[in-house]
Amino acid sequence: DLSEVLFIATANDPQSIPRPLMDRMEVIEISSYTENEKEHIAREHLIPKQIKANGLKESQLVIGDEVLKDIIEGYTKEAGVRNLERKFGEICRKSARKILQEKEKQVVITKDNLEDFLGRSRYTYQKVNEKDEVGIVRGLAWTSVGGDTLQIEVNLMPGKGDFLLTGQLGDVMKESAQIAITLVKSLYPEFADKFKENDLHIHVPAGAVPKDGPSAGITLVTALSSLVTGKPAPAEIAMTGEVSLRGGVMPIGGLPEKLMAAQRAGVKHVFIPYENMDDLDDVADEVKEKLEITPVKTVQEVLDYCLQPAR
C-alpha cells in the first residue's frame, strides 16, 4: 500500500523527465548556488565534514580564501556542491598521507601547491572580449550545471546566399537562427544584396558542447545586425531573449543562473526580456549589484543601444 508514501525525486535537467511523469509531480525549482554561497557552505559544512571523515584535526589543514575560490571556479562546474565536496575529500586524503608519511604537523594549501593535490584545473570561464568586434556578441545560456555565457560569431563570404550553422546546435536553436536571419533582412532591406551575393556562417564556439533553446534569438539578431551594418557591438554587454518574427523579445527561463554567469564572465551590462522582470527577485543581490540590467520589449531597443558607429 503506497497511499501514505511521498516520493521525492531530484533532477539536474527537467527536460529529460517524461512528460506524463512530470504532469503527476509538484515541481520545485531550486536555483544554482552563487560562488559566495558555495564558499560559505564549504567553510561551514563541507571542509569540516571531510576533515572529520578522513581522521584529521581542523588545525592540521589550512585552505585560504583565495585557494578556496580557485577550487570552486577551476575544479568544479555545477549548480550544487556535490563535486566540490569530493575535491575536499581528495585534498584531505592526500594531506593525511603527508602528515603520516612525512611527519608534517600542518598542511597548508596554497595557489602554488594546489596542483599537487588536485592536478591541473579542469574548467575555465569565458571572459568578455578585450575589444568591440563586428559580428561577435555574447549571449547567456542555461545548462544542467548552471548558467554560462555563449559567444555567437557570424561572418559573410562570397557565395550564393546560403547559410551554415556550426557548433553542435539543436533544432530549436537552428530555428532561432532562421528567424533571426529573416528578421534582420526585414530590418535592413538596404543590405538585402549582401545576403544574396554572400554565404552566411553562424558559429557558436565550444563545438563539443550541445546547445539548444530559443533564448539566443536576440543575440543572433544583434550579431547579424552588427555584421551587415559594419558596426561593432560592445564587448562588455550580454543578452538573452527569444525573438518573434515581428521583432518582439519574449521571456526565457533560467534567468538567475544566466545573470550569475554574466557577472562571473566580467559582463557589465545585460539585456533581458521585459516579461522576465519578476524573475529578478530570485537573483542574488551580489549579482544584481555588479550588473546593469536593462529590460527590453523589442529587438530595436537592443540594436539602438548596441550598434555604435563604425570606428
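**Entry 1, a strand pair.** I began with strand β3 (residues 136–143) and strand β7 (residues 237–239), which run parallel and are joined by two bridges. Within this pair I found glycine 139 opposite methionine 239 of β7. A reminder to myself: this is a predicted model.

**Entry 2, the whole sheet.** Next I asked in what order the strands of the open sheet come. I read seven strands in the order β5-β6-β4-β3-β7-β10-β11, with mixed pairing. At the edges stand β5 (163–166) and β11 (292–296), each with a single partner strand, so one side of each has no neighbour in the sheet.

Helix α8 lies across β3, β4, β6 (198–203) and β7, and runs at about 30° to β4. Helix α9 (residues 255–264) also packs on the sheet, where I see it touching β3, β4, β10 (269–273) and β11. The direction of α9 makes about 70° with that of β4.

I looked at α8 (residues 217–229) end to end: its 13 residues reach 18 Å from first C-alpha to last, close to the 18 Å expected at 1.5 Å a residue. Is α8 mostly covered or mostly open? Mostly covered, I find, with twelve of the 13 residues buried. Among the buried ones I listed Gly217, Ile218, Leu220, Val221, Leu224 and Leu227. After the helix comes glycine 230, with a positive phi near 75°.

Setting aside neighbours within four places in sequence, I find leucine 156 in contact with Lys194, Asn198, Asp199, Leu200 and Leu227. Leu227 is one of the buried residues of α8. I also looked up glutamine 60, which is 96 residues from leucine 156 in sequence and 60 Å away in space, C-alpha to C-alpha.

Last, I turned to helix α2 (residues 35–53) and helix α3 (residues 65–74), which pack at about 110° with their axes 10 Å apart. That angle makes α2 roughly perpendicular to α3, because 65 to 115 degrees counts as such. On the α2 side the contact is made by Glu35, Lys38, Glu39, Ala42, Arg43 and Ile47, and on the α3 side by Asp65, Leu68, Lys69, Ile72 and Glu73. I sorted these contact residues into seven charged, four nonpolar and no polar.

Methods:
Residues are numbered from 1 along each chain as its sequence is written. This is a predicted model: local features need pLDDT of at least 70, side-chain atom pairs count only at pLDDT 80 or more; totals for chains, interfaces and linings use all residues. Side-chain values use heavy atoms; hydrogens and water are left out. Helices (H or I, at least four residues) and strands (E, at least two) are DSSP runs, numbered from the N terminus. The expected span of a helix is 1.5 Å times one less than its number of residues. Buried means under 20% relative accessible area, exposed over 50%, partly exposed in between (1.4 Å probe, protein chains only). Contact means heavy atoms within 4.5 Å. Axes are lines fitted to C-alpha atoms, for helices over the stretch in contact, and angles run from 0 to 180 degrees between N-to-C directions. Angles under 35 degrees count as roughly parallel, over 145 as roughly antiparallel, 65 to 115 as roughly perpendicular and the rest as oblique. Ala, Val, Leu, Ile, Met, Phe, Trp, Tyr, Cys and Pro count as nonpolar, Asp, Glu, Lys and Arg as charged, and the others, Gly among them, as polar. Two strands pair if DSSP finds at least two bridges between them.
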